[in-house]
Amino acid sequence: MNTSPQKRVLIIDDDEGLTEPLQLAIEAEGYEVLTAHDGNEGLMKIERDAPDLVLLDLVMPRRSGFAVLDSIINNKQRAPKIVMVTGNSEPKYRELALDRGVDRFIPKPYHIEDLVQTVKELLTTE
């Protein structure tokens, strides 16, 4: 029996067509996956569920990915790994995200297998 605690991943993205297949793929690797469909819901789940890694969309209703990122970074108690996933791949957004402390910046469209591999890499380097 595996006694190590299961790693928890939170996907914050308003596009359910992307979150559902990604959730299934990450769960197939043995991780617990939570989802949030806007920035406010995402922040609530970060506080309540303490994920080990957050997949964060940049453009969302109610609170942008950068606003969520700033809230996570300003809460110094326990910061999860952060992967920003966005359809907006302009270099200035990549630079802003990396300067603010994201662990990876992945443009959409992406291959689910590549994103799952990134999750595995980040969660095994803790």
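**Exercise 1. Classify Tyr-93, then describe its aromatic pair.**

Step 1. Tyr-93 has a relative accessible area of 21%, so Tyr-93 is partly exposed. The cut-offs: buried is under 20% relative accessible area, exposed is over 50%, and partly exposed is in between (1.4 Å probe, protein chains only).

Step 2. Know the model. It is predicted: local features need pLDDT of at least 70, side-chain atom pairs count only at pLDDT 80 or more, and totals for chains, interfaces and linings use all residues. Residues are numbered from 1 along each chain as its sequence is written, and side-chain values use heavy atoms, with hydrogens and water left out.

Step 3. Find the partner. The structure holds 1 aromatic pair. Phe-66 and Tyr-93 form this stacked pair, at 6.4 Å centre to centre and 25 degrees between the planes. Rings of Phe, Tyr and Trp (its six-membered ring) pair if their centres lie within 6.5 Å; planes under 30 degrees apart are stacked, over 60 edge-to-face, and the rest tilted.

Step 4. Phe-66 lies in helix α3 (residues 65-74) and Tyr-93 in helix α4 (residues 91-100), so the pair ties together parts 27 residues apart in sequence. Helices (H or I, at least four residues) and strands (E, at least two) are DSSP runs, numbered from the N terminus.

Step 5. Classify Phe-66. Its relative accessible area is 10%, so Phe-66 is buried.

**Exercise 2. Which residue forms a salt bridge with Asp-57?**

Step 1. Recall the rule. A salt bridge is a side-chain nitrogen of Lys or Arg within 4 Å of a carboxyl oxygen of Asp or Glu. The structure holds 8 salt bridges.

Step 2. Name the partner. Asp-57 pairs with Lys-108, with the closest N and O atoms 3.4 Å apart.

Step 3. Locate the ends. Asp-57 lies in strand β3 (residues 53-57) and Lys-108 in the loop between β5 (104-107) and α5 (112-124), so the bridge ties together parts 51 residues apart in sequence.

Step 4. Check accessibility. Asp-57 and Lys-108 are both buried.

**Exercise 3. Trace the salt bridge between Glu-121 and Arg-104.**

Step 1. Take the distance. The closest N and O atoms of Glu-121 and Arg-104 are 3.3 Å apart.

Step 2. Locate the ends. Glu-121 is in helix α5 and Arg-104 in strand β5, 17 residues apart.

Step 3. Check accessibility. Glu-121 has 35% relative accessibility, so Glu-121 counts as partly exposed. Arg-104 has a relative accessible area of 30%, so Arg-104 is partly exposed.
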